[in-house]
Amino acid sequence: MIDKRITSTYPGFDESLASIKKFKSSGDLFSTMLTDGRIIHHTANGFISFKKWLLDNDKEDIGNSTTTD
């Protein structure tokens, strides 16, 4: 098995790891903000492993933030 943390790209995802700023997921759909400000949407083939790859590489999951008013 390939260690995704050392892989700068993910199979089926066209953007490099360095270009990802943060992400949010809903089901198998990921909305990803890139460092240039673009938002792209990606349907992951392997939701759990794609999300793990992002988290293992310290990409911010804005869908799991909590706020209090």
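The tour goes from the sheet to the helix, then to the core and its aromatic rings.

Keep in mind throughout that this is a predicted model.

**The sheet**

Begin by selecting the four strands, which form an open sheet in the order β3-β2-β1-β4 with mixed pairing. The edge positions belong to β3 (39–43) and β4 (60–61); each has a single partner strand, so one side of each is left without a neighbour in the sheet.

Now select β1, residues 20–26. Its pairing with β2 is antiparallel and spans six bridges, whereas its pairing with β4 is parallel and spans two bridges. F23 shows both sides of this arrangement: its bridge partner in β2 is T32, and its bridge partner in β4 is D61.

Move on to the boundary of β2 and β3, an antiparallel pair joined by five bridges.

Select G27, in the hairpin of β1 and β2. Two residues lie between these strands, and G27 has a positive phi near 65 degrees. Then select G37, in the turn of the β2 and β3 hairpin. Here four residues separate the strands, and the phi of G37 is positive at about 95 degrees.

Show the side chains of β2 (29–34). Which of them are buried?

**K21 on β1**

Select K21, which lies in strand β1. With a relative accessibility of 47%, K21 counts as partly exposed. Leaving aside residues up to four places away in sequence, K21 touches M33, L34, T35, K59 and E60. A distance drawn between the C-alpha atoms of K21 and M33 reads 5.6 Å, although the two are 12 residues apart along the chain.

**The helix and the core**

Select α1, residues 47–56. This helix lies across β1, β2, β3 and β4 and runs at about 150 degrees to β1.

Next, select Y10, F13, L17, I20, F23, F30, L34, I40, A44, F50, W53 and L54 together. These 12 residues make up the largest nonpolar core. The elements giving two or more residues to this core are β1, β2 and α1, and α1 has the largest share, with three.

**The aromatic rings**

How many aromatic pairs does the whole structure hold? A search finds seven. Zoom in on Y10 and F50, an edge-to-face pair at 5.0 Å centre to centre with 75 degrees between the planes. This pair links distant parts of the chain, since Y10 is in the segment before β1 and F50 is in helix α1, 40 residues apart. Y10 is buried at a relative accessible area of 7%, and F50 is buried at 0%.

Then turn to F30 and F47. The ring centres are 5.4 Å apart and the planes stand at 35 degrees, so this pair is tilted. F30 lies in strand β2 and F47 in helix α1, so the pair ties together parts 17 residues apart in sequence. F30 counts as buried at 0% relative accessibility, whereas F47 counts as partly exposed at 29%.

For the last stop, select Y10, F13, F23, F30, F47, F50 and W53: ring pairs link these residues into a cluster.

Notes:
Residues are numbered from 1 along each chain as its sequence is written. This is a predicted model: local features need pLDDT of at least 70, side-chain atom pairs count only at pLDDT 80 or more; totals for chains, interfaces and linings use all residues. Side-chain values use heavy atoms; hydrogens and water are left out. Two strands pair if DSSP finds at least two bridges between them. Contact means heavy atoms within 4.5 Å. Axes are lines fitted to C-alpha atoms, for helices over the stretch in contact, and angles run from 0 to 180 degrees between N-to-C directions. A nonpolar core is a set of buried Ala, Val, Leu, Ile, Met, Phe, Trp, Tyr and Cys residues joined through side-chain atoms within 4.5 Å. Buried means under 20% relative accessible area, exposed over 50%, partly exposed in between (1.4 Å probe, protein chains only). Rings of Phe, Tyr and Trp (its six-membered ring) pair if their centres lie within 6.5 Å; planes under 30 degrees apart count as stacked, over 60 as edge-to-face and the rest as tilted.
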